[in-house]
Amino acid sequence: MTIADTIPAGTARAGRDPVTPGKAARRRRGLVAWLFALPFVLIFGVFMLMPLISSFAMSFTDFKSSDVQDPFAVNFVGLDQYAALFTNPQFRKSMINTGIVVFAGIPLTMAAGLALAVALNSGITRLRTVFRVGFYTPVVTSIVAVAVVWRFILQPDGLLNTMLGWIGVSGPDWLNSTSLALPSLIVMTAWRNMGTLMVIFLAGLQTVPQEVHEAAMVDGATPGQRFRQITLPMLRPTLLLGAVLLSVAYLQFFEESFVMTKGGPLDSTLSVSYFTYNQFGFGKYGFASAASYLLFAAIALLSLAQFRALRSRD
Amino acid sequence: MVHRRTCLGAVLLAGMLVAAGCGRGDDGSTTTGPAAPVASGPASGTITLWAQGAEGEKLPAMVKQFEAANPGVKVEVTAIPWDAAHNKYQTAIAGGTTPDVAQMGTTWMADFATAFDPTPGGVDTSGMFDGAKGATQVNGATYGVPWYVDTRVIYYRTDLAAKAGFSSPPATWDDFKAMAKALQTKAGTKWGINLNPGGADSFQSALPFVWSNGASLMNADNSKWTLDTPQLADALKFYQSFFAEGIADKNVSTAAGAREAAFVNGSTPMLIDAPSFIGQLNQAGGAGFGSKYGVMRFPKQQSSTSFVGGSDLVVFKKAKNRDAAWKLVQWLSGPKVQTDWYKATGDLPAVESAWDDPSLSGDPKLKVFKDQLTDVKSPPANTAWTQVSAAADTQLERIVKSGTDPAAALKALQSSADSIGTGA
Amino acid sequence: MSVIHHPRRAARGRAWIYGALIVAVTATLLPFAWMLLGSFKTQGELLRDPNGWIPRAPTLDNYTRWFADLGVEQYFLTSTVVAVVTVLGNLLFCSMIGYALAKMDFPGKRLLFLLVMVTLMVPGVVTFVPLFVMVSKLGLVNTYPALILPYLASPLGVFLMRQFMLGIPDSLLEAARIDGAGESRIFARIVLPLCVPPLATLAILTFLTSWNNFLWPLVAAQSQDRYTLPVALALFSQGQNATDYGLLLAGSVLVIAPIVALFVFLQRFFIQGVASTGIK
């Protein structure tokens, strides 16, 4: 339905475009729309799209850092580098590690964020700002400070093992164990990111109308039942948003591993992003670009899958 | 759907364009003819200079003397953080925004050599340590000059060593291990020595042992990696034995300040580090701690060879003020300036005669450094080294933490290195 | 909630929640506390006793060095200018294109939105080198535009603004159009004032990204007067073989303080803003 259709014949506009009033007005509106979009599109095109396209092209060549001065004197290798990634045992290990981070870390972080949001939404009024800011601080705190404290917690004689000692459990050397290092880092990442989810879920919880809850209470539903059958379904779009944001972030898991364990021990905390970072450091730009775009494909696929699974069913 | 088809079409088109335009030329060797000599006379114009960290902070004061000696010249120093400096140089070379002169870590020379100006014949480096000069040679040509040097020696607690019955440094490998053990049994320390158990940069820290056992990483003409040799395996076996026999901690803490703390409180009375570590130890240990520890050369097996690092000064090919840049480099390589630089920063001079100055010759710890610098080697200067080194780090970690047999690990490393190539 | 029926049980339940939250928030704030306390320690103490909490010989040295010797105000200023311009630019451009995507019809609309969303998923590191080459060919190295332009078009910003604007009733805009208002007036006078929540959200997120950005400002700047705060932090606290931990911690406090302050101030809008966007 166009504006021309809603304008009564008697107004000033009526006589303007006698032959095809709809088409010309539509064209003008399209032009106006593009004008609105133009500043963004220009900057986006130059500073985001073009580097993206050239790095994508690079991933099909054997571009190395020594080639920058003469970019076209490289060999086109097609999909060879993508294939080489899959036959690289270190890359395969990094894929598995990243997968573990994603599939274990996302539910954990979402549960923590949801628990916090529910707690903060349950009618507490005092200290609310303290709690909100407090739980969000890890999101903005530098990884350096976070790493120092977490190492203090996870050391063989650190806080965690001391506390385990109180209940008679002898804790292992968390960060030096090939089986426990990655789970420890996952917990650390969840702690760092639960603040973002808490904020998103708080926002979502506030969209659940109070009347629905009250109606359910009148019907005698327990808090647990109300949560499962009313709150959670209504939170679906919020959960989706949280899951997608986390997927994008966790698939690019890098910082915690870089600062705490440097990818070790024995590559058990090496992620795809870390592998890519190393390749860029070696100057193998083409190879590293291929790894990055493979990661991008994974992000896109996972997001798509989540949209399908968590889409609003109404 | 329309937009999906256009997307696919765009990608295909881009792909074809890329394929059409690409292809390495048949260029073979890059011709670097003899470097043009530096014009005579005083320097003039503006010289842009990049330096990292502390060097970058202290250079502006130092170069004022150069500016005084060469009126009409202005030196602009930009300090770059060490963190990500490698990225910075990579992108600067890519974008053509390199300065005239830069401080280049010795391990980075091979990575960026194609962007450097070859050293002109008139620049004199005869008075510098041979080991340091080795790092400036890439693919048969010389780039830049050594600026300051860095090496690795063994730090040890003299008071605890005396308790363990060692009043003078051990001469051989067997003595060395015996000393480490004795520190545990007789002086009651928790560990004998702090050694890198694998992971990032660990292989590089084990190189002194490798070289001291007569092993070399490449063959004579640098065309092939020679990692799978009995000498290398024996060196790594020796290294492994410290962990296997409980003398070194497999799970040593990498937290900030942990090594210093352990050395100061005596739980780990020996470690391997660079001369710059002295400053940190003195800060951690407080006043008077300096008398409680000493440094010694690596113990001798076939030789007592250590690692040489540091930084070189390079002039870029695209330098806007080449002649003045080389003059500045020559000035910074003069013995007196080298000594002054040591006094300002603690960086050890690359020029041997600069060490004759009392501030350097009088210090017993520095004597050890100079002594060690007479027998040092640097890792191969080729673009494949960082990758081979990373593969070696992984193998070393297996050797230390999983107890893998060094010979088997080296076989695997050799095949990795062969597939990585020599970056020629 | 059970508030209506059992006041006393509810109060006790709330007490438990308060208790749990206080424990949790204390645990969460530990690194910040450690960092703050550590910034008042000497380098020697930090090396000797890395796990200690209360400084034994507290000193203001680290902070005085930042202000007096290292001129941190200059880096503060550069960071602020870059962040503020980036935020304002994003607020304007993202809301403009968001409006076009949400409320107008034009050819290529779907493709454009898809393209913008897709870039959200691309790992950032991959475009660095091509981006720098382009920036240097444009002659922009070591300029403020180089620090600002690549971040002036945030895909997340487009997403936030479009989602929110979808919820603005069309009737409101139609009425204005019938009254003869041009699109720009409608945008400025009607749409933008309604968009405070997503604009605040976008402001915080953009400010955060810009303020903490390290790698790009390092690469794009050639001289120290274009360094931002994180670059200066790395420069002065990291040596080749050693780190000046006191400087590092004090510098980290200086970097984080404005963000936390901003968040405390804007957190109400932030949550409101998030609530009114992709939740539909």
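## Helix 12 of chain B

Let's start inside chain B: B:Arg322, B:Ala324, B:Ala325, B:Trp326, B:Lys327, B:Leu328, B:Val329, B:Trp331 and B:Leu332 are the buried residues of helix 12. Buried here means under 20% relative accessible area, with a 1.4 Å probe and protein chains only; helices are DSSP runs of H or I with at least four residues, and strands are E runs of at least two, numbered from the N terminus. Because nine of the 11 residues of this helix (residues 322-332) are buried, it is largely enclosed by the rest of the structure.

## About the model

This is a predicted model, in which local features need pLDDT of at least 70 and side-chain atom pairs count only at pLDDT 80 or more, while totals for chains, interfaces and linings use all residues. Residues are numbered from 1 along each chain as its sequence is written, chains are lettered from A and ligands numbered from 1 in the order written, and side-chain values use heavy atoms, without hydrogens or water.

## Chain B as a whole

Chain B holds 17 helices and 12 strands, and 55% of its 424 residues count as buried. Its C-alpha atoms fill a box of roughly 70 × 65 × 45 Å along the principal axes.

## A:Glu256 in chain A

Over in chain A, A:Glu256 sits in helix 12 (residues 255-260). With 5% relative accessibility, A:Glu256 counts as buried. Its side chain makes a polar contact of 3.2 Å with that of A:Arg192; such a contact is a pair of N or O atoms within 3.5 Å, where within protein one must be able to donate a hydrogen and the other to accept it, and residues adjacent in sequence count only if both atoms are side-chain atoms.

How values were computed: Buried < 20%, exposed > 50% of the residue type's maximum accessible area, 1.4 Å probe, protein only.
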